[in-house]
Amino acid sequence: MNRFLFVFLFLFSFHFHVFSQGSEIYQGGIRIPVGRDSSKYIRIAMVQQFWLRSIENNPGTVDASGNLAEHSTDIGSRRTRVTMYSQISPRFLLYAQFGTNNQTFINGGAPGQGAKKPQLFFHDAWTEFAVVPERDYITKEVNSFSLSLGAGLHFWNGVSRLGSPSIGSFLTLDLPIFNFPNVERTDQFGRQYGIYAKGMAGPVHYRLNLNKPFVDQRIGEITADRASNIATDRWAISGYATYQFLEKEAILSPFRAGSYLGTKRVFNIGAGFYHHPEASGTSGSVGNITDFNRHDQTVWAIDAFLDYPFGNQRMALTAYSVLYNYDYGPNYFRTVGIMNLDSRPADASVSLAGYGNAEPLLGTGQIWMAQFGLLLPPAWLASLGKFQPFVQSEYKDLNYLDDTFTNLDVGLNWFIEGQVAKLTVQYGARPIFIEQNNQRIQTDTKGQWTLQIQLAI
């Protein structure tokens, strides 16, 4: 009850603070004209997401004082991003995004600084040339086929819609993270260096890339029957195509909206893949960990997205479902703990996933996820904005674990001014797995409350 009261009082006080100061919606960020031609511009946008959390920790977790801690509370920065892009010529696009992620009071800072002074780094840095533009420059008519080529540290990912999500318009609190099959191993926060092609072919949006993944090697995780990442010089290829049955989505940038809040009628069905040869390994001979059997890393996915307004009260239904199949070699398995407050190695942990809020992320096997949101009619007091309850379910069948399991998240978005000023509260449950009698089984679940404050321009 105390947690519910805390969340309610915080929302109430923040609401009136925002409206007492006034606010303004910026459509697409800040646009700076270059020269006399209005089609030439530099655009700047910024988004910040701060989290307040109450966490039921995994068994054996300790706090900053070194004491066992069944619960933890904290506040931190999930994302702070600045985006800049320019289209000086209709045929050329220059795009860059930089920022920080995952800074708490205990970690996320620069090397040697603990939690303080996080390092800025580039998430995106790519350029693009329109070979066949989407719109004819003279007649202004839309071409039935378009093609653009680009290169750099890019986000034109394959596999699924969530391979290139828009961070400012998530339906739920955050990403499931397994949507990035190589997150922080052979990619840089979801990005890899490479070349890509993208465009439209009638109602089909397509993207295809050839990337040189970052080198990653996890020798300590490798056994004769468990694969993990090994260094390789091979290139990776990935792609994604989606058939758009209703309105077409903009493809100037790779980022796909999680919810349009009833402003578009969208229904898409898509499919994608990722293939990186010889990027996983198992030990090939007894006692020689550097002798590897090499395995390819391959992922494919199919998905469907719906965002549909209805009724005379400006309601909207948002739904997304995706099925992933990962083949990263025998028993490949990863865990994750977003902004984890206990960073000790998981080796001695009671939980197979580790300490803090860590949980099984992905591995060789299948993952199915579905999420639904309902945008409600405007509140009885117009200044309150709009609300959107949502639910997300994940089903994971990973070869390394002997039990399948389901994650469930429920929450509410409060749109004070659309996606520009938004509060999200979410409760999520995660499994606790232990190794018992030579089996890896689920024995418990733990929960986490998160309140997110999102502001953007």
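Modeller: Gladly! A charge sits over a ring if NZ of Lys or CZ of Arg is within 6 Å of the ring centre and within 35 degrees of the ring normal. Here the charged end of R226 sits over the ring of Y400, 4.7 Å from its centre. R191 likewise lies over the face of F155, 3.7 Å from the ring centre. A note on the source: this is a predicted model, where local features need pLDDT of at least 70, side-chain atom pairs count only at pLDDT 80 or more, and totals for chains, interfaces and linings use all residues. Residues are numbered from 1 along each chain as its sequence is written, and side-chain values use heavy atoms, leaving out hydrogens and water.

Biologist: How many aromatic pairs does a search of the whole structure find?

Modeller: Rings of Phe, Tyr and Trp (its six-membered ring) pair if their centres lie within 6.5 Å; planes under 30 degrees apart count as stacked, over 60 as edge-to-face and the rest as tilted. The search gives 25 aromatic pairs. One of them, Y41 with Y85, is edge-to-face, at 6.3 Å centre to centre and 80° between the planes.

Biologist: Are Y41 and Y85 buried or exposed?

Modeller: Buried means under 20% relative accessible area, exposed over 50%, partly exposed in between (1.4 Å probe, protein chains only). Both Y41 and Y85 are buried. By contrast, F387 has 22% relative accessibility, so this residue counts as partly exposed.

Biologist: Which residues form one aromatic cluster?

Modeller: Y41, Y85, Y95, W126, F155, W156, F180, Y196 and F255 do.
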